[in-house]
Amino acid sequence: MDKLKKMLGQIQKAISILYQKMCRDWQLKQRQEMLQKQEQAVSMGQIYIQEALGMVLASTHILPCLTAVEHPTDLIPDSYQLGDVPVYSYRWLKRSPEAISTTVLNIAVDKINSAVHLQQRKLACSFQTLPDYQKPFFIQQYPAFYNGFHVIGLKDAGTDVIISAVYD
């Protein structure tokens with residue numbers, strides 16, 4: 001009888017260890033899936049802002065010391081930082097390697113944000129005139145403008161200027 005109890009105890013212990021391992025594996029898989037989804041969402045968010053920001057900068061000439069943005073891909077995704085709100089950074093090529101003053105860059109941030117806000121207002125007016133069945137397609141076409149975003153900073157980085165933006 002003691003041998004049977006001892007064997008049942010060992011089986012119970014083995015099952016318990018196996019169950020704990022399965023739980024840890026499941027939790028690890030869940031965390032990995034969550035991080036993968038988060039990474040995917042952040043990556044798409046970066047693309048959406050790149051498209052919208054490129055669209056705005058292609059229609060304005062805010063900083064003549066930088067190359068003209070003709071297409072959103074002229075802004076090169078540089079990095080992103082996760083935090084309370086993801087910060088997306090892009091490289092914008094300068095015409096010459098001469099330094100640009102911080103004051104000029106700060107003024108440019110305000111001008112870019114004004115241009116973004118103006119474009120958002122234009123698109124909002126267009127959105128209001130659409131029939132309801134077309135509105136989801138419009139939102140899919142302009143997700144960054146629909147959700148709202150703004151530039152939080154410009155930084156001289158030698159041959160480029162790094163432009164940082166966040167969703168509102």
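Colleague: Arg91 first: buried, exposed or partly exposed?

Modeller: Arg91 counts as partly exposed because its relative accessibility is 26%. Buried means under 20% relative accessible area, exposed over 50%, and partly exposed in between, with a 1.4 Å probe and protein chains only. Keep in mind that this is a predicted model: local features need pLDDT of at least 70, side-chain atom pairs count only at pLDDT 80 or more, and totals for chains, interfaces and linings use all residues. Residues are numbered from 1 along each chain as its sequence is written, and side-chain values use heavy atoms, leaving out hydrogens and water.

Colleague: What does Arg91 form a salt bridge with?

Modeller: Asp78, with the closest N and O atoms 3.1 Å apart. A salt bridge here is a side-chain nitrogen of Lys or Arg within 4 Å of a carboxyl oxygen of Asp or Glu. Arg91 sits in strand β2 and Asp78 in strand β1, 13 residues apart. Strands (E, at least two residues) and helices (H or I, at least four) are DSSP runs, numbered from the N terminus.

Colleague: How many salt bridges in the structure?

Modeller: Five. One of them pairs Asp156 with Lys94, at 2.9 Å from N to O. Asp156 is in strand β3 and Lys94 in the loop between β2 and α2, so this pair ties together parts 62 residues apart in sequence.

Colleague: Is Lys94 buried or exposed?

Modeller: Buried, with a relative accessible area of 6%. Asp156 is partly exposed at 22%.

Colleague: Switching to the sheet. What's the strand order?

Modeller: β1-β2-β4-β3, in an open sheet with antiparallel pairing. Two strands pair if DSSP finds at least two bridges between them. The edge strands are β1 (76-81) and β3 (149-156). The twist averages 25° from one strand to the next.

Colleague: How many bridges join β2 to β4?

Modeller: Six, between residues 87-93 of β2 and residues 160-167 of β4. For instance, Trp92 has Val161 in β4 as its bridge partner.

Colleague: Which strands does α1 touch?

Modeller: Helix α1 (residues 2-58) touches β1, β2, β3 and β4, and its direction makes about 40° with that of β2. Contact means heavy atoms within 4.5 Å. Axes are lines fitted to C-alpha atoms, for helices over the stretch in contact, and angles run from 0 to 180 degrees between N-to-C directions.

Colleague: Where does α2 lie?

Modeller: Helix α2 (residues 102-129) lies across β2, β3 and β4, at about 155° to β3.
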